[in-house]
Amino acid sequence: MHDASVGVFVPYLRNLSVLLDKGVAYAEARKFNPAVLLGMRIAPDMYDLAQQIGEACRHATVAAALLAEREPVTLPVLEHDMAGLQARIATSIEFIESLPRAEINAAAERSVFFRLKNGTELPFTGRTLLLTFSMPQFFFHVTTAYDLLRHAGVELVKKDYLGRR
């Protein structure tokens with residue numbers, strides 16, 4: 001469970017940080033404010049890039065916290081600035097890496113409840129939370145962030161998404 005959660009969330013959050021760095025470099029090379037990228041969205045009713053990053057961090061930290069039977073880290077209010085988003089990613093990584101391996105590994109059959117933003121609680125086992133809810137949500141938001149940057153013209157390839165291993 002630890003390898004399937006922390007072992008996946010952390011490297012992909014690091015990759016997300018690199019994607020943002022590439023977005024900043026792209027904007028600076030073309031002489032526009034990198035924050036413009038953060039408001040991008042593909043459709044009017046979807047989250048923008050900043051919110052996609054915020055949701056990726058939220059799903060990773062909440063899932064890891066639930067598996068470890070800890071309170072999730074309190075992330076600051078989502079700001080639409082690159083430095084704030086990089087700090088959010090770094091805080092998420094630091095928190096997730098601090099969680100005890102043994103507790104997470106013991107979580108597969110434990111009952112956990114994911115609380116939606118509207119207060120509704122969804123029941124899961126640790127395994128089903130991770131595999132059928134949190135991981136798909138996490139990758140949806142990471143992938144959408146990648147796609148938004150790609151759509152903006154940032155020169156990204158699959159290796160940027162997957163990371164250099």
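Trainee: Is the crossing of H1 and H3 left-handed or right-handed?

Mentor: This is a predicted model, in which local features need pLDDT of at least 70, side-chain atom pairs count only at pLDDT 80 or more, and totals for chains, interfaces and linings use all residues. Residues are numbered from 1 along each chain as its sequence is written, and side-chain values use heavy atoms, without hydrogens or water. A crossing is left-handed if the near helix is turned anticlockwise from the far one by less than a right angle, and right-handed if clockwise. For H1 and H3 the crossing is left-handed.

Trainee: How are H1 and H3 directed relative to each other?

Mentor: Helices (H or I, at least four residues) and strands (E, at least two) are DSSP runs, numbered from the N terminus. H1 (residues 2–29) and H3 pack at about 160°, with axes 11 Å apart; axes are lines fitted to C-alpha atoms, for helices over the stretch in contact, and angles run from 0 to 180 degrees between N-to-C directions. Angles under 35 degrees count as roughly parallel, over 145 as roughly antiparallel, 65 to 115 as roughly perpendicular and the rest as oblique. H1 and H3 are therefore roughly antiparallel.

Trainee: How many residues of each class make up the contact of H3 with H6?

Mentor: H3 and H6 (residues 126–151) pack at about 160°, their axes 8 Å apart. This makes the two helices roughly antiparallel. Ala, Val, Leu, Ile, Met, Phe, Trp, Tyr, Cys and Pro count as nonpolar, Asp, Glu, Lys and Arg as charged, and the others, Gly among them, as polar. The contact of H3 with H6 divides into 16 nonpolar, 7 polar and 1 charged.

Trainee: Which residue in E2 stands opposite Phe114?

Mentor: Two strands pair if DSSP finds at least two bridges between them. E1 (residues 111–115) and E2 (residues 121–125) pair in the antiparallel sense over 5 bridges. Opposite Phe114 stands Leu122.

Trainee: Which element gives the most to the lining of the largest pocket?

Mentor: On a 1 Å grid over the protein atoms alone, a cavity is a set of points where a 1.4 Å probe fits but cannot get out, and a pocket is an open set with protein on both sides within 12 Å along at least five of seven lines; lining residues have an atom within 4 Å of a point. The largest pocket is lined by 21 residues, and Phe114 is one of those nearest its centre. The elements giving two or more residues to this lining are H3 (49–68) and E1. With 7 residues, the element that gives the most is H3.
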